[in-house]
Amino acid sequence: MNRINPKKLIHSKWTAVAPVNREKHFMITDVEVDEEGQVIGCEIEAVLSRRQMQIDWSELKDDARWLQGWK
């Protein structure tokens, strides 16, 4: 289980364990927070294709899907 500090999530780098369409390396480009300051979602961008997608930030805790940093 990856340990994530929600306040340092923006611009963090991630590696997909199972790449799809040669997209392996990603960077968090935007973080959504609610009125209480809790992170509810984030936007992740593929480095190779610049494709962006919305994900639930808690998915990044699953080390079977995501590795922290670029590996």
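**View 1. Glu59 and Arg65 are joined by a salt bridge**. The model is a predicted one, in which local features need pLDDT of at least 70 and side-chain atom pairs count only at pLDDT 80 or more, while totals for chains, interfaces and linings use all residues. Residues are numbered from 1 along each chain as its sequence is written, and side-chain values use heavy atoms, with hydrogens and water left out. The side chains of Glu59 and Arg65 meet at 3.6 Å, N to O. A salt bridge here is a side-chain nitrogen of Lys or Arg within 4 Å of a carboxyl oxygen of Asp or Glu. Side chains of opposite charge can pair when their charged atoms come close. Glu59 is partly exposed, with a relative accessible area of 27%, and Arg65 is partly exposed at 43%. On this scale, buried means under 20% relative accessible area, exposed over 50%, and partly exposed in between (1.4 Å probe, protein chains only).

**View 2. Glu23 forms a salt bridge with Arg51**. Three salt bridges are found in a search of the whole structure. In the pair of Glu23 and Arg51, the closest N and O atoms are 2.6 Å apart. Glu23 belongs to strand E2 and Arg51 to the loop between E3 and E4, so the pair ties together parts that are 28 residues apart in sequence. Strands (E, at least two residues) and helices (H or I, at least four) are DSSP runs, numbered from the N terminus. Glu23 counts as buried, at 6% relative accessibility, whereas Arg51 is partly exposed, at 39%.

**View 3. Glu45 forms a salt bridge with Arg50**. The closest N and O atoms of Glu45 and Arg50 are 2.9 Å apart. Glu45 has 10% relative accessibility and therefore counts as buried; Arg50, at 60%, counts as exposed.

**View 4. Five strands form an open antiparallel sheet**. The order of the strands is E4-E3-E2-E1-E5. Strand E4 (52–55) and strand E5 (66–68) are the edge strands, each pairing on one side only. Two strands pair if DSSP finds at least two bridges between them. Neighbouring strands of the sheet are turned by 35° against each other on average, direction ignored. Between E2 and strand E3 (residues 39–46), which run antiparallel, there are seven bridges. Glu32 stands opposite Gly41 in E3.

**View 5. The largest pocket is lined by 14 residues**. Ala16, Ala18, Val20, Arg65 and Trp66 lie nearest the centre of this pocket. E1, E2 and E4 are the elements that give two or more residues to its lining, and the largest share, five residues, comes from E1. By class, the lining has 10 nonpolar, no polar and four charged residues. Ala, Val, Leu, Ile, Met, Phe, Trp, Tyr, Cys and Pro count as nonpolar, Asp, Glu, Lys and Arg as charged, and the others, Gly among them, as polar. On a 1 Å grid over the protein atoms alone, a pocket is an open set of points with protein on both sides within 12 Å along at least five of seven lines, and lining residues have an atom within 4 Å of a point.

**View 6. His11 and Arg22 each have a positive phi**. His11, which is not a glycine, has a phi of about 65° and is found in the segment before strand E1 (13–20). At 53% relative accessibility, His11 counts as exposed. Arg22, also not a glycine, has a phi of about 60° and lies in the loop between E1 and strand E2 (23–33). Arg22 counts as exposed, at 69% relative accessibility.

Note on methods. Axes fitted to C-alpha atoms, helices over the stretch in contact; angles between N-to-C directions. 1 Å grid on protein atoms, 1.4 Å probe; cavity = no way out; pocket = protein on both sides within 12 Å on 5 of 7 lines; lining within 4 Å.
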